[in-house]
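Reader: Before I look at details, I would like to go through this model with you by question and answer. Please give the values that each answer rests on.

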Amino acid sequence: MKKRKLGKQGLEVSQLGLGCMGMSFAYHPADEVESLKVLDRALELGITFFDTAESYGPFKNEELLARALQGRRDKVVLATKVAWKDGKARPDNLDGSPAALQKAVEGCLQRLKTPVIDLLYLHRADPKVPIEESVGGMAQLVKQGKVRYLGLSEVGPNTLRRAHAVHPISCLQSEYSLWETSLEEKILPILRELGIGLVPFSPVGRGFLSGAIKSYEDLGPNDMRRNLPRFQGENFKENIKLVEEVTKLAKTKGATATQAALAWLMNQGEDVVPIPGTTKVKHLEENVGTLGIHFTGEDFKAIDAILEKFRVSGARYGEAMAKMVNVD
């Protein structure tokens, strides 16, 4: 698998990463045995960029990765995220103060059983703490040798500029996919200007763009997607039209809708590294199989034409969480 560079500070990762959140919570009941198989297979296939966070579980996902990487920690670029008090991700529970971030990272290091975190993200900017203070605290962790590179998640253009002025930011992690392109207008140009890489999470629309979810009822009772507007009611019926169009196009290449979605994202630039998540080896292999399919410039133009006439229905998040996304 080829490598891609994120930022200008030397961070280099596999061109496709692995989002590990779903292995511990969010969508399906956790299956540790299957998750460990996925992590093993990812390494075999050349994926070296693993993404976790203290809030995934909370804490359970980092502990899972520590078990999976025992004896082979040096083979991966390990990214984790901090900002939530006690790892509990609620809109009212952010603490981006330097002291809180220092404490959180000490916990991450212990759980991950590693002396250093390759890439540390601020999971969300804390509106009570100037971004300069948060990033200044993260920069201290770099000086201490506990962190190698810094990233941000879901922040707006002005916050990016202010943060980057304090310490070089290697990448921004934000939602970006065929049904979520809102960062293209204002945020992507800033990333390119400053030389900051982009790590799209939910690159297959939290599974929606795969076409495997046929109705709201396909989601389990504890599946967090039940709470997301785009999966509900009339929104679902409207959004499935995008999946149908992309699926038709993908079939002409002998590909799946998932592969078309990932290929389109990776075609947005060499500084873009998607991190699709999965809990199944077969889905992981499907994702990596994208790299063996030749999508042409005309194919990507056809996908862009689909997007031009499509209007996503429903917000990404409920009202409270939406206020924390791409805040300027």
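This is a predicted model: local features need pLDDT of at least 70, side-chain atom pairs count only at pLDDT 80 or more; totals for chains, interfaces and linings use all residues.

Reader: Which residues does Phe50 touch, not counting residues up to four places away in sequence?

Author: Nonpolar side chains tend to be buried together in soluble globular proteins. With residues up to four places away in sequence left out, Phe50 touches Leu18, Cys20, Leu39, Ala42, Leu43, Leu65, Leu69, Val76, Val77, Leu78 and Ala79.

Reader: With which side chain does the side chain of Asp51 make a polar contact?

Author: Asp51 lies in strand E4 and is buried, with a relative accessible area of 3%. Leaving aside neighbours within four places in sequence, its contacts include Leu18, Cys20, Tyr56, Asn61, Lys81 and Tyr121. The polar contact, at 2.6 Å, is made with the side chain of Lys81.

Reader: Is Glu54 buried or exposed, and which backbone nitrogen does its side chain reach?

Author: Glu54 lies in the loop between strand E4 (49–51) and helix H2. Because its relative accessible area is 4%, which is under 20%, Glu54 counts as buried. Beyond four places in sequence, the residues it touches include Lys81, Ala83, Trp84, Ala104, Cys108 and Arg111. At 3.5 Å, the side chain of Glu54 reaches the backbone nitrogen of Ala83.

Reader: What distance does helix H3 reach from its first C-alpha to its last, and against which elements do its buried residues pack?

Author: Helix H3 covers residues 98–112, and its 15 residues reach 21 Å from first C-alpha to last, close to the 21 Å expected at 1.5 Å a residue. Its buried residues are Leu101, Ala104, Val105, Gly107, Cys108, Leu109, Arg111 and Leu112, and the helix is followed by Lys113, whose phi is positive, near 55 degrees. These buried residues pack against helix H2 (60–68), strand E5 (77–82), strand E6 (117–122), helix H4 (131–143) and strand E7 (147–153).

Reader: What is the angle between the planes of Phe208 and Phe236?

Author: A search of the whole structure finds seven aromatic pairs, and in one of them Phe208 and Phe236 lie 5.0 Å apart, centre to centre. This pair links distant parts of the chain, since Phe208 is in the loop between strand E9 (197–201) and helix H7 (233–251), Phe236 is in helix H7, and they are 28 residues apart. Phe208 is buried at a relative accessible area of 0%, and Phe236 counts as buried at 6%. The pair is edge-to-face, and the angle between the planes is 75 degrees.

Reader: Which residues do ring pairs link into a cluster, and how far from the ring centre of Trp179 is Arg230?

Author: The cluster linked by ring pairs consists of Trp179, Phe208, Phe231 and Phe236. Elsewhere, the charged end of Arg225 sits over the ring of Tyr27, 4.4 Å from its centre. Arg230 lies over the face of Trp179, and its distance from the ring centre is 5.3 Å.

Technical notes. Residues are numbered from 1 along each chain as its sequence is written. Side-chain values use heavy atoms; hydrogens and water are left out. Helices (H or I, at least four residues) and strands (E, at least two) are DSSP runs, numbered from the N terminus. The expected span of a helix is 1.5 Å times one less than its number of residues. Buried means under 20% relative accessible area, exposed over 50%, partly exposed in between (1.4 Å probe, protein chains only). Contact means heavy atoms within 4.5 Å. A polar contact is a pair of N or O atoms within 3.5 Å; within protein, one must be able to donate a hydrogen and the other to accept it, and residues adjacent in sequence count only if both atoms are side-chain atoms. Rings of Phe, Tyr and Trp (its six-membered ring) pair if their centres lie within 6.5 Å; planes under 30 degrees apart count as stacked, over 60 as edge-to-face and the rest as tilted. A charge sits over a ring if NZ of Lys or CZ of Arg is within 6 Å of the ring centre and within 35 degrees of the ring normal.
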